[in-house]
Amino acid sequence: MSFSEFTQKDYEVIARSYAELKEAARKRCSGENELEVVQKAFEFANEAHKNVRRRSGEPYILHPVAVAKIVVNDIGLGYKSISAALLHDVVEDTAYTTDDIRNLFGEKIASLVEGLTKIKNVLDNQDKKNKNDDYTESLQAENFKRILLTLNDDVRVVLIKLADRLHNCRTIEYMPEYKRDKILSETMFIFVPLAHRLGLYEVKSEMENIWLRYKEPDAYNDISAKINRDISDKERSIDEFIAPIETALREAGFNFRIKKRVKTPYSIWHKMATKQIPFEQVYDLYAVRIIFTPAPESNESERDQCYHVFSIITGLYRYKSDRVRDWVKHPKSNGYEALHCTLMSMNGLWIEVQIRSRRMDDIAEKGIAAHWAYKQDGYIGENDSEMDKWLSKVKEILVSPDVNALELLDIIHNDLISTSIMVFTPKGEQKSIQKGATALDFAYMIHTEIGHKAIAAKINMKLVPLSSQLKTGDQVEIITAEDQQPKKEWLDFLQTRHAKSLVMDWFRTDKAKYIKAGREELTEKLKSMGIRFEESIARNLAAALEVKNTDELLFRFGIGYIRYETIAELVDRRGESVFWHFPWKNRDNGTEKSSGKGGNFIINDPGDGHKYIFASCCHPIPGDPTVGFLSPDGTITVHKKTCGVAENIASKHGDWIVRLKWNTTVGASFPVRIMLKGIDRVGLLNEITRYISLVMGVNMRRLNLNTEDGIFEGYIDMLVHDREVLDSMIEKLKGIKGIQDVMRSGI
């Protein structure tokens, strides 16, 4: 922030921006009294931030006004939240206090502002370390813990924080690169899944696209250009597809509107990366959304009217049966309801159609806020209890005394991104459980004692072991025995956090015994590796495994929750943590180095005294956008910016990030893998290898190509100097007769 007198032009920009907010707020405020509170909040914040500017040079007040616009337009919250958004930086950045806000605006607005201020305080004070802990905890992780704690107090604090984060992402170009990487990694690791979990699809999608634009600018620009080119080619075909649907629905008496949608650059990039396919094979690129207003005089329920629309459009076009998604009968756990199907147009184009009522569309666009609004109007959705259950589960995790902030962050992240399946009890009662869960997870979900006493299960009337994985639609019965009790082996296959914590709690009643056993076993295991057990080693291991303290480490090792193989990976002959994901976990007199705000590090610069490790999770090569993490011993680990491991690290420890530049003078080679697919012919393999070796001068390390029924596919591992060479080679290989797809892949 900086200070300089506002000009007349500044005041005009502020007035124009607030006028837009006021117009939007008017639609959400019930009466002039509520609008007057918003006006008062703006005037107060405007005066408090007078002559203060952001990094971009624009008046600071434009940020809270923009956050308030997101709160009302994208999330759909009311006047108290709009006012809190306008005031959210006042207490932190000016001389005013929460009591001043309370006296002027009342208890509720003050408590929202206070919640937001606490979150901001933790963010801004992240570099302060507590030297008295067993090891230094991440204050970045503590920040997220505070954010999530507000879920149990007032979810609106989290919703306003999401709006604040979205606007910070929109203006992230003005941030220095190290801070940009930290903010984007935090955003992708927690805020994007949180927005998804709370049903804020528009907020989530925009954050994802901004993330891709800065993490992989070339991919973002390339995909955006292809989308625009494809849309101009296909727009007429989509309009021709929609026309008969409009006619048929109108004739059936529906009051509706149709919206066209194209997949976002991020969702296309993600699909290409995860499925290892080129842009041309993302066939559900287009979607058509049918939003109808249920006819009150109709004998059909809202759900039945969705099915009626489905029957009309599938009478016009052939649909892909394995692509039907019925979230009307079984809503997603975040409240999303819709009926999806994929239809073949007359022009041979696959188009996804989403069928929603106006209420379903509001909830899909504005998430939990719209869900509440309909609930207050007397509409009780089938999914209300699912949201309540999730919030209760979050609270249970947050108050657990044996989970530190870093471990909690991973638990919450995994919970946010996990998908659910539907299973049934013996009496036909429907239950939602995490995908990948076992019969024993289901037993613990039903009741703690059923889990503790479980000996086997019946899935669809067939006797199976407790470790059996559940699938959607399974009917599950748990068989118990009075003399049964939890076994340590259960921790090997349980999938849900809830079930694991209940089993661990059962053993925790004898914690001292298992700590002793864990200490003895760990001492023996380390001895077999030629290492003497010391408390410093245990502290290093606890830090690397993100466990609260050494007692918790030894307890988990004693009951078998932490395996010997995991310990062995983390320890070398000197007894130091050297796991390549976390090389900075080595401690040097309890301190850590942080060089995030320094200048650029030149990768493999022989004169800078740093050792560079190229992460084997993502195999970065010169030309890739990269991020580095500096360890206390001076080692810098290099990752691709889009690497999931790097995102995890940066989301918790943004102060370890360093800026990197490639040293173009060092003639090193780097491992890459390319995937190939096409139609086999005589001499094709020889032509591929000849081109790579002789024409491009690239050294091949491994070749694995298989042919079946005239189609070949496989991969080639090679060493290349940089991304330019790789991209050039891929383009040239695509030109060889018979080759259909060539793309870079992970090794």
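**Close-up views of a predicted model**

**View 1. An open sheet of three strands runs in the order β11-β10-β12, with antiparallel pairing.** The model shown here and in the other views is predicted. Strands β11 (462–464) and β12 (476–480) form the edges of the sheet. Each edge strand has a single partner, so one side of each is left without a neighbour in the sheet. On average, neighbouring strands are turned by 30 degrees against each other, direction ignored. Strand β10 (residues 454–459) pairs with β11 in the antiparallel sense over three bridges. Within this pairing, Lys 458 stands opposite Leu 463 in β11. Helix α19 (residues 439–446) packs on the sheet and touches β10 and β12. The direction of helix α19 makes about 80 degrees with that of β12.

**View 2. The largest nonpolar core has 105 residues.** Helix α12 (residues 217–251) supplies the largest share of this core, ten residues. Those with the most contacts inside the core are Leu 87, Ile 101, Leu 159, Leu 162, Phe 241, Val 353 and Ile 355. In soluble globular proteins, nonpolar side chains tend to be buried together.

**View 3. Ile 355 is among the residues with the most contacts inside the largest nonpolar core.** Leaving out residues up to four places away in sequence, Ile 355 touches Ile 290, Phe 292, Cys 306, Val 309, Phe 310, Ile 313, Ala 338 and Leu 339. A second, separate core has 47 residues. Val 464, Leu 494, Phe 507 and Phe 533 are included in that second core.

**View 4. Lys 215 and Asp 181 meet in a salt bridge between their side chains.** The N to O distance is 3.8 Å. Lys 215 lies in helix α11 (residues 201–215), and Asp 181 lies in helix α10 (residues 177–197). The pair therefore ties together parts that are 34 residues apart in sequence. Both Lys 215 and Asp 181 are buried. They also belong to a network of salt bridges that links Glu 177, Asp 181, Lys 215, Lys 641 and Glu 647. A search of the whole structure finds 45 salt bridges.

**View 5. A salt bridge joins the side chains of Asp 361 and Arg 257.** The N to O distance is 3.7 Å. Asp 361 sits in helix α15 (residues 358–366), and Arg 257 sits in strand β3 (residues 255–262). The two parts tied together by this pair are 104 residues apart in sequence. Asp 361 is buried, with a relative accessible area of 3%. Arg 257 is partly exposed, with a relative accessible area of 42%.

**View 6. Asp 717 and Arg 702 form a salt bridge through their side chains.** The N to O distance is 2.7 Å. Asp 717 is in strand β21 (residues 711–720), and Arg 702 is in strand β20 (residues 699–708). The pair links distant parts of the chain, 15 residues apart. Asp 717 is buried, at a relative accessible area of 1%. Arg 702 is partly exposed, at a relative accessible area of 46%.

**View 7. Ser 17 is found in helix α1 (residues 8–28).** Ser 17 has a relative accessible area of 11%, so this residue counts as buried. Setting aside neighbours within four places in sequence, Ser 17 is in contact with Leu 62, Val 65 and Lys 69.

Key. Residues are numbered from 1 along each chain as its sequence is written. This is a predicted model: local features need pLDDT of at least 70, side-chain atom pairs count only at pLDDT 80 or more; totals for chains, interfaces and linings use all residues. Side-chain values use heavy atoms; hydrogens and water are left out. A nonpolar core is a set of buried Ala, Val, Leu, Ile, Met, Phe, Trp, Tyr and Cys residues joined through side-chain atoms within 4.5 Å. Buried means under 20% relative accessible area, exposed over 50%, partly exposed in between (1.4 Å probe, protein chains only). Helices (H or I, at least four residues) and strands (E, at least two) are DSSP runs, numbered from the N terminus. Contact means heavy atoms within 4.5 Å. A salt bridge is a side-chain nitrogen of Lys or Arg within 4 Å of a carboxyl oxygen of Asp or Glu. Two strands pair if DSSP finds at least two bridges between them. Axes are lines fitted to C-alpha atoms, for helices over the stretch in contact, and angles run from 0 to 180 degrees between N-to-C directions.
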